[in-house]
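Hi,

Here is the structure I promised to pass on. Have a look at it first, and my notes follow below.

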Amino acid sequence: MNRGGSSPSAAANYLLCTNCRKVLRKDKRIRVSQPLTRGPSAFIPEKEVVQANTVDERTNFLVEEYSTSGRLDNITQVMSLHTQYLESFLRSQFYMLRMDGPLPLPHRHYIAIMAAARHQCSYLINMHVDEFLKTGGIAEWLNGLEYVPQRLKNLNEINKLLAHRPWLITKEHIQKLVKTGENNWSLPELVHAVVLLAHYHALASFVFGSGINPERDPEISNGFRLISVNNFCVCDLANDNNIENASLTGGNFGIVDSLSELEALMERMKRLQEEREDEEASQEEMTTRFEKEKKESLYVVPGDTFHSFPHSDCSLPSLDFEDDMIVTSDVSRYIEDPGFGYEDFARRGEEHLPTFRAQDYTWENHGFSLVNRLYSDIGHLLDEKFRMVYNLTYNTMATHEAVDTTMLRRALFNYVHCMFGIRYDDYDYGEVNQLLERSLKVYIKTVTCYPERTTKRMYDSYWRQFKHSEKVHVNLLLMEARMQAELLYALRAITRHLT
Amino acid sequence: MEKMSRVTTALGGSVLTGRTMHCHLDAPANAISVCRDAAQVVVAGRSIFKIYAIEEEQFVEKLNLRVGRKPSLNLSCADVVWHQMDENLLATAATNGVVVTWNLGRPSRNKQDQLFTEHKRTVNKVCFHPTEAHVLLSGSQDGFMKCFDLRRKDSVSTFSGQSESVRDVQFSIRDYFTFASTFENGNVQLWDIRRPDRCERMFTAHNGPVFCCDWHPEDRGWLATGGRDKMVKVWDMTTHRAKEVHCVQTIASVARVKWRPECRHHLATCSMMVDHNIYVWDVRRPFVPAAMFEEHRDVTTGIAWRHPHDPSFLLSGSKDSTLCQHLFRDASQPVERANPEGLCYGLFGDLAFAAKESLVATESGRKPYTGDRRHPIFFKRKLDPAEPFAGLASSALSVFEMEPGSGSMSWFVDTAERYALAGRPLAELCDHNAKVARELGRNQVAQTWTMLRIIYCSPGLVPATNLNHSVGKGSSCGLPLMNSFNLKDMAPGLGSETRLDRSKGDTRSDTVLLDSSATLITNEDNEETEGSDVPADYLLGDVEGEEDELYLLDPEHAHSEEPEYVLPQEAFPLRHEIVDTPPGPEHLQDKADSPHVSGSEADAASLVPMDSSFSLISVSHALYDSRLPPDFFSALVCDMLRFYAEQGDVQMAVSVLIVLGERVRKDIDEQTQEHWYTSYIDLLQRFCLWNVSNQVVKLSTSRAISCLNQASTTLHVNCSHCKRPMSSRGWICDRCHRCASMCAVCHHVVKGLFVWCQGCSHGGHLQHIMKWLEGSSHCPAGCGHLCEYS
């Protein structure tokens, strides 16, 4: 096992995408120079983020107040494009990591590590390995799951389900964890753990979705850090945000003029707004639309982009990708059953899973009450965060101003929930089809379901006229929608266990 | 008018009868509503929409309104309401945002009447106007309220709450034009139905969503609201600003609230999560529900009083797919199970006692309280005026004041401070304590101490070997030297402040135990000093300098007959004293046995009673003569201790227990001892006698007590740079990554004991500073301060 501690070079190691690898293998002499990316994100040019930062005193204050590491990390830097949101994010994160709660501090970080490991997010893992040791965690645990107490190990099952197929969580899973015995969890502890898991699964989505770079200054290495691996291939980074290059990414959207694309979207939004008044789809129609969207999300696979991560199928380790395997095994110390991944909610040829009716178990009515009861005050913080992200708007769309983006935000939020099988009775899923283009859907699906496969190409290929800060906004929406979906499933299971 | 209507219900033949019953529905219910005739109830849910007839013994399904091949989402109801004027008219709110009206008078199977699809989001609530036949109001998730005239195809007016979702809308019962709406953000708005442009009044009622509201059926200004913040509030809307008149705190978020008919102050609530019960509260008594219905197995989603003028029938629908009729007389009443009495001590010893009026009244004159033998302090009773809610929960609160003077506990404090518990031979301890007691005017106690001495300190019991021993090694010339040598040896290993203190030469009473353990060490090293004796050095506190050190060498501790005293040389952490060392009194026992110290005194004591042959003391003398072992008395002594403890003088019981140690300990069961110890320690701490209580803890032999000093020994520190708590380690700050405390001598981080000067705040490793200050009196940091250990 190769631990990164030996070579804590500031320059990150980048994975090579399969395409480049093929090229490399053919001609061994070609050396791909490591691009020196600077700034907090590999997707967003440094100046975009930094510019925003220098103006912002508020961010510094927030970091001072709520950051556990005491410094401005890359996530915070990228998020600081939306300071309003950043505050509720940091506050809730600080609360679940540092404030009163049923779990001891090192456990919280270890759970964060376990959650991040499900998505092979080495950035978050490294961050929390440090924090874990700093809060007095037992270093031995970092050798892998077999070194931690059985009690923590028991979390594995719901970690796995929550990360990839939250709809499979049942009250039996909860019962198994809380039933009295040597390694049982109390309900408040479990809720705390679930909140942490959901938070870090979602944050992993954000990290990959926004192309967060590894922290530049790996501190005194403690031997447990993973190699700072960026999952973005050099060829992704080499194109350095050139829109021209986007034509490489695939035939269907490179051709469309991006400007007219934006206009078309605006047009569609306007039409939808007006349409709503006169044309009403029948109920059957609405149901079909949801099913259709659900089904369609099946075909939205990032297959058309040629970066697919080979790990998701670890049962067939390919000998060609030895470096990859090192990384995987390094991360897989913290996970069991690494082959378990997202599977489409609506799978063809399988018996129908019951749709989660959002109105029957809402965050506002039910989730909040339960979570707040068992882990006081986190409900308010999460509530504020969800509300914040849902209502956050600058009334702009790319170059246009004074636009009501409610519809767009709702479409994004509900589309994520749709992929997790949550249905809103009062939403017309036809809107999703109208508002979200295919490349965006691909991006959404990748970021929320298997974020580790996100590439810069995907990030660049949708909404090319939009500002980076707007794309970060999209990421925030995706992240929170995902977190809420996971929480809803987990909390519903806990409620069922209680009744 | 009020009276009239009540009479008509009774006269109209509709006297309600029924029993507590339930029926199973096919699916979870979301809401229920009762027909005007009180004989039918409609149940609506995601996949159920049925009308049941309420018969005397059971519910009978009357009509299924959910018809059609493929049930559409329009039938997935979030709310249902039955018109209170028209028995044929119903309205439902669908989760997809559609408002549907139903006309039961339609001849066809499908009773659906009208469809309003104006809301964009889920409709949370629908409400008919109480007197107008055609006016329907709806409130939706999209933040709008719409008023429909059923004679028209679309809404008459739209009200915008300027906020996210509307949770509830309710027409005022008395004001024709007014309705109230509640919002997700905690606001309540009052609207005039004629003015859709802006609300009449708005105020924040709850923290978080307000799920429900209900107008009082009789009192025109009262509105009850229930929120996610687990509160039910009653607002008086007649005043200029909405005034909160009552507030009930429940245990879960409040989903529905309904005033109870004919009971001005009663309302029923059910919760949205976790709690499945229905409560009926008297708002004037917000802490205990007046009644509780516990039939449901899952959350109750809808409640309705069966008849607007009958307070005894409550209907409810639940997620557990049952419809229930509850009878008020069958409700469980938590009040009945509540403890009717409360008792609390005030800061200055006052005692407050609250009890149900009825309970207090039966006791004639409340004499038992004042005259209770078990309370050493006397109270006089002062009656507070009766509680405002006389009719409701009439409890009487009595406050017993402490009479000035009588409650003085100065004797307790004095005794605690002056008693000697250890460190001297038993006889001396007894004498000293007897003297203390006598000076405080507690003659019985003094007498007890004297008797104890006589019982346990008879010279005849001293083992002969011991005598020889001490005689044989009488010389004590070399002692001071030996002692100082030992001290030097010990100091670095022990490293505790107490020892430092001692080396500076003043003794404090709380070092007694340390001293004796130190003695053990020296004795182990220096066998030849055994048996030597310096009688003068037993008075702690008076002793100074070398004399104290002499005391350290008190040879009696190392009797060979007590091998368990010998501690391993390498283990000197302070904890060991507490856990492993046998208690002080045992050392004392040995001292007491020493002929040199106690012999003469004991003789003197036993000489006195010889003359007065009938006194107790003479008895003890006689017993001594006949060589009765002290064990003979132990039963008696134990009884005596119990007597004192019963009397409330736990101080005496514990003091004697400590002083006598091994002699009586085994005769009193561990639990009683523990109980005494804890009570005494508690008392001491209340009087801020920390030193004494600590001494008692140390001297106690019971494991449970002696670990008291080992609990919560954590010291939390803040970083000196950023003022943040240092959560993980005491010496490095997580946030600013700086080491907080550096040793001024070696410039390394101090991870263990850190000592610093209070004058210049420099400091460092204990040993380093000690060593430094041996050679210099200036601060090692070079700040020029003259540091000093005190």
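B:Cys247, with a relative accessible area of 26%, is partly exposed.

Some housekeeping. This is a predicted model, so local features need pLDDT of at least 70 and side-chain atom pairs count only at pLDDT 80 or more, while totals for chains, interfaces and linings use all residues. Residues are numbered from 1 along each chain as its sequence is written, chains are lettered from A and ligands numbered from 1 in the order in which they are written, and side-chain values use heavy atoms, with hydrogens and water left out.

While we're on cysteines: taking a disulfide as a pair of cysteine sulfur atoms within 2.5 Å, the count over all chains is zero.

Chain A

Helices and strands here are DSSP runs (H or I with at least four residues for helices, E with at least two for strands), numbered from the N terminus. On that basis chain A has 23 helices and six strands. Of its 499 residues, 60% are buried. Counting a contact as heavy atoms within 4.5 Å, and looking at pairs at least 6 apart in sequence, 80% of the contacts in chain A join residues at least 24 apart.

How do H7(A) and H11(A) cross? The axes of helix H7 (residues 122-134) and helix H11 (residues 187-209) of chain A come within 9 Å and cross at roughly 125°. Axes are lines fitted to C-alpha atoms, for helices over the stretch in contact, and angles run from 0 to 180 degrees between N-to-C directions. That makes H7(A) oblique to H11(A), since under 35 degrees is roughly parallel, over 145 roughly antiparallel, 65 to 115 roughly perpendicular and the rest oblique. On the H7(A) side, A:Tyr123, A:Leu124 and A:His128 meet A:Tyr200, A:Leu203, A:Ala204 and A:Val207 of H11(A). By class, this contact has six nonpolar, one polar and no charged residues (nonpolar: Ala, Val, Leu, Ile, Met, Phe, Trp, Tyr, Cys and Pro; charged: Asp, Glu, Lys and Arg; polar: the others, Gly among them).

In the loop between helix H6 (105-118) and H7 of chain A sits A:Gln120. This residue has a positive phi of about 50° although it is not a glycine, and at 13% relative accessibility it counts as buried.

Chain B

Two strands pair if DSSP finds at least two bridges between them. Chain B has an open sheet of four strands in the order S10-S11-S12-S13, with antiparallel pairing. Strands S10 (123-128) and S13 (155-160) of chain B are at the edges with a single partner strand each, so one side of each lacks a neighbour in the sheet. Inside the sheet, five bridges join S11 (residues 135-140) to S12 (residues 144-149) of chain B, and B:Leu137 stands opposite B:Cys147 in S12(B).

Further along, S18(B) (residues 210-215) has six of its six residues buried. Five bridges join S18(B) to the antiparallel S19(B) (residues 222-227), and the two form a hairpin with six residues between them. B:Trp215 has B:Leu223 in S19(B) as its bridge partner.

Cheers

Note on methods. Buried means under 20% relative accessible area, exposed over 50%, partly exposed in between (1.4 Å probe, protein chains only).
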